[in-house]
Amino acid sequence: PSHRLLDLGCGPLPGGIAFIRYLEPGGYYGLDRYAAALDDGYRQIGEQGLAPKNPRLVHTDRFDPPALKGVQFDYVWASQILYYFNAAKLAEMFGAIAPMLAPGGKFLGDVLGDCEPEFRTKRHLDWIAQVQPHTVQSLDAAARPFGLQARSVGTIGSLGYPPQLNLRSNVLIEFTASAAR
């Protein structure tokens, strides 16, 4: 509960509400490029009586907005967004996030895993063809210049993601500061 978490692409807080509930006041920061999503997030915060937790939602298209200058995070969370980033956007993200990680901090995000057979519809396969096919190895190579190393933690399905949802085979990646950092 005493940790500080940055939720990249937090949207209308589908996961953020649970984080806000769990963390002590001032521990949650969410970034999103869509103001309407953040408006929905603030509405939920109010409806659920979580305003005393003092969550901070930041509307930005940057990974390092001025509102976060000097803030360090124990955890950075990027759920279901890494596969939208090309090499240049990954470099921008890692360059911004690496200095924000507190000592011992972790950056977690997921990439597409093997598509479950029941979800191999034309629509799903067309979507997969439009996103980046990152792997643990490719993300490790992209993160290393910024002093981070990547490892697989397993599929999000094996970690409790609802089995009826089509992204349960996504692989959770943990980025930590390398010894050479």
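**Notes on the model**

1. Searching the whole structure turns up 8 aromatic pairs. The rings of Phe, Tyr and Trp (its six-membered ring) pair if their centres lie within 6.5 Å; planes under 30 degrees apart count as stacked, over 60 as edge-to-face and the rest as tilted. One of the pairs is Phe 63 with Phe 85: the centres are 5.6 Å apart and the planes stand at 80°, so this pair is edge-to-face. The partners come from distant parts of the chain, 22 residues apart, with Phe 63 in the loop between strand 3 (56-59) and strand 4 (73-78) and Phe 85 in the loop between strand 4 and helix 3 (87-97). Helices (H or I, at least four residues) and strands (E, at least two) are DSSP runs, numbered from the N terminus.

2. Before going on, please keep the basis in mind: this is a predicted model, in which local features need pLDDT of at least 70, side-chain atom pairs count only at pLDDT 80 or more, and totals for chains, interfaces and linings use all residues. Residues are numbered from 1 along each chain as its sequence is written, and side-chain values use heavy atoms, with hydrogens and water left out.

3. Are Phe 63 and Phe 85 buried or exposed? Phe 63 has 10% relative accessibility and counts as buried; Phe 85, at 13%, counts as buried too. Here buried means under 20% relative accessible area, exposed over 50%, and partly exposed in between (1.4 Å probe, protein chains only). Tyr 83 and Tyr 84 also form an aromatic pair, a tilted one with 5.3 Å from centre to centre and 55° between the planes. Tyr 83 is buried, with a relative accessible area of 1%, whereas Tyr 84 is partly exposed at 47%.

4. There is also a ring cluster to look at: ring pairs link Phe 94, Phe 107, Phe 146 and Phe 175.

5. Now for the pockets. On a 1 Å grid over the protein atoms alone, a pocket is an open set of points with protein on both sides within 12 Å along at least five of seven lines, and lining residues have an atom within 4 Å of a point. Grid points are joined across faces, edges and corners, and a volume is the space filled by probe spheres set on the points. The largest pocket has a volume of about 490 Å³. Its lining has 20 residues, of which Gly 9, Arg 33, Tyr 34, Ile 81 and Phe 85 lie nearest the centre. By class, the lining of the largest pocket holds 11 nonpolar, 4 polar and 5 charged residues. Ala, Val, Leu, Ile, Met, Phe, Trp, Tyr, Cys and Pro count as nonpolar, Asp, Glu, Lys and Arg as charged, and the others, Gly among them, as polar.

6. The second largest pocket has a volume of about 230 Å³. Residues that line this pocket include Asp 7, Gly 9, Cys 10, Phe 19 and Trp 77. Which helix gives the most to the lining of the second largest pocket? Helix 1 (residues 16-22) does, with 3 residues. The classes in this lining are 5 nonpolar, 4 polar and 1 charged.

7. Finally, the structure holds 7 salt bridges, a salt bridge being a side-chain nitrogen of Lys or Arg within 4 Å of a carboxyl oxygen of Asp or Glu. One of them joins Lys 106 to Glu 174, with the closest N and O atoms 3.3 Å apart. Lys 106 lies in strand 5 (residues 101-111) and Glu 174 in strand 7 (residues 171-177), so the pair ties together parts that are 68 residues apart in sequence. Lys 106 is partly exposed at 26% relative accessible area, while Glu 174, at 9% relative accessibility, counts as buried.

8. A further salt bridge brings together the side chains of Asp 140 and Arg 144 (2.9 Å, N to O). Salt bridges that share partners join Lys 106, Arg 151 and Glu 174 into one network.

Methods
1 Å grid on protein atoms, 1.4 Å probe; cavity = no way out; pocket = protein on both sides within 12 Å on 5 of 7 lines; lining within 4 Å.
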